[in-house]
Amino acid sequence: MTGDVRPVLKVDQLKAYYQVYLYGMDREVRAVDDVSLSIGRGEIYGVAGESSSGKTSLIKAIAGAIKPPLRIVSGDVRFDFGDREQNLYAMSPDEVASIRWKHLSYIMQGSMNVLNPVRRIRHSFVDFAYRHMKVGKAEFIQRVGEHMQRLKLDPSLLNAYPHELSGGMRQRVTIALATILTPDFIIADEPTTALDVIVQRDVLTMIREIREEMGSAFLFVTHDMAVHAAIADRIAIVYAGRIVEEAPTRQLYAKPLHPYTKHLIASLPRIGDTKERPFLEGRPPNLAKPPEGCRFHPRCPLRMDICSKQVPPMVAVEPQRRVACFAVTGGAV
Ligand SMILES: Nc1ncnc2c1ncn2[C@@H]1O[C@H](COP(=O)(O)OP(=O)(O)O)[C@@H](O)[C@H]1O
Ligand code: SF4
Ligand SMILES: [Mg+2]
């Protein structure tokens, strides 16, 4: 859990850029720019931030799913699944394959690209997990059925075709698929974004139960601050490729420190409140040419001279709380 002395994941000063050719010039889109974080065993760690802030790119870099134009510029990603620490970027493709699904698994936004659309759902389980489980076919199918029941899903769903299920049920089946090998660490990219609020609640309950039953840790990415409030133990707020604040969920919502976090939380709809929500001027920066200094400065109501000249460092302001803002931590030079 939070505060575990041996985290399951440590990311250290990670930079991952897209190499693109734009307007006749080579450019770098700095989608992940100097990100450090660590996630404890069984912890649900939320990553929040608006669209195009670099959340999916961060996930790709952490999962080792790097292909051009994305490249790792510098930094480390280390996993510790209980026996030893492994540096993802120093591992051979075979070693990476050996941790995938068994220790490290994914839940994606669109379930259709994981489930084979023209075959019954049980075939997707076979394709995905059979060779990892080292048991006979009959026992395998029995175990899959037990796993479904554990997750409160009817095992007869295994005989259905994906298109016969509702979007919410398909997403829950996908989560069953992602967790069949009881992985230590699960990356979820906007897993509830396409679902209505009622179904979202079921999916979040399912994720919490998986954490309780299997002790899996989650890296849970969504732009939706209401979903984070319901599921995350700790949250990192990302703005333009950088973490600007990190805190336990309760503290973050009770007392946001960074001006951008304050804006995100103030924008949350509240039941019965008809007041107009605050509007943040300007747009998120172009990551091929991000602003100097604090990337939030062109939109920040508290900006000072130093903000456009220096990058505010991440400073620990309380145990488990970090923030990168000169207005909060003082304009150290
Ligand atoms: N294949 C790509 N080539 C070039 N730029 C990309 C590519 N994929 C994403 N980007 C850029 O990287 C930045 C971060 O994108 P992304 O990680 O998808 O953000 P998020 O998941 O927070 O919406 C954006 O500026 C986006 O345009
Ligand atoms: S460092 Fe400056 S510009 Fe950036 S969030 Fe803080 S006050 Fe605003
Ligand atoms: Mg994304």
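The model is predicted. An open sheet of eight strands with mixed pairing runs in the order E6-E7-E8-E3-E9-E10-E12-E11, and helix H1 both lies across several strands, E3 among them, and supplies three residues to the shell around ligand 1.

**Ligand 1**
- Of the 14 residues around ligand 1, those that come nearest are Tyr18, Ala31, Lys55, Thr56 and Ser57.
- Strand E1 (9-22), strand E2 (25-39) and helix H1 (55-63) each supply at least two residues of the shell, and the largest share, three residues, comes from H1.
- By class, six residues of this shell are nonpolar, seven are polar and one is charged.

- Strand E3 (residues 44-48) and strand E8 (residues 217-221) run parallel and are joined by four bridges, with Tyr45 opposite Leu219 in E8.

**Helices across the strands**
- H1 lies across E3, E6, E7, E8 and E9, running at about 155 degrees to E7.
- Helix H9 (residues 259-266) lies across E3, E9 and E10, running at about 110 degrees to E9.

**Helices H5 and H6**
- The axes of H5 (residues 167-179) and H6 (residues 197-214) come within 10 Å and cross at roughly 15 degrees, which makes the two helices roughly parallel.
- Their crossing is right-handed, and the residues making the contact include Ile175 of H5 and Met206 of H6.
- This contact has six nonpolar, three polar and two charged residues.

Methods: Residues numbered from 1 in each chain as written. Chains lettered and ligands numbered in written order. Predicted model: local features only at pLDDT ≥ 70, side-chain atom pairs only at ≥ 80, totals over all residues. Near = placed C-beta within 6 Å. Nonpolar A, V, L, I, M, F, W, Y, C, P; charged D, E, K, R; others polar. Axes fitted to C-alpha atoms, helices over the stretch in contact; angles between N-to-C directions. Parallel < 35°, antiparallel > 145°, perpendicular 65-115°, else oblique. Left-handed = near helix turned anticlockwise from the far one by under 90°. Contact = placed C-beta atoms within 7 Å. Pairing = 2+ DSSP bridges.
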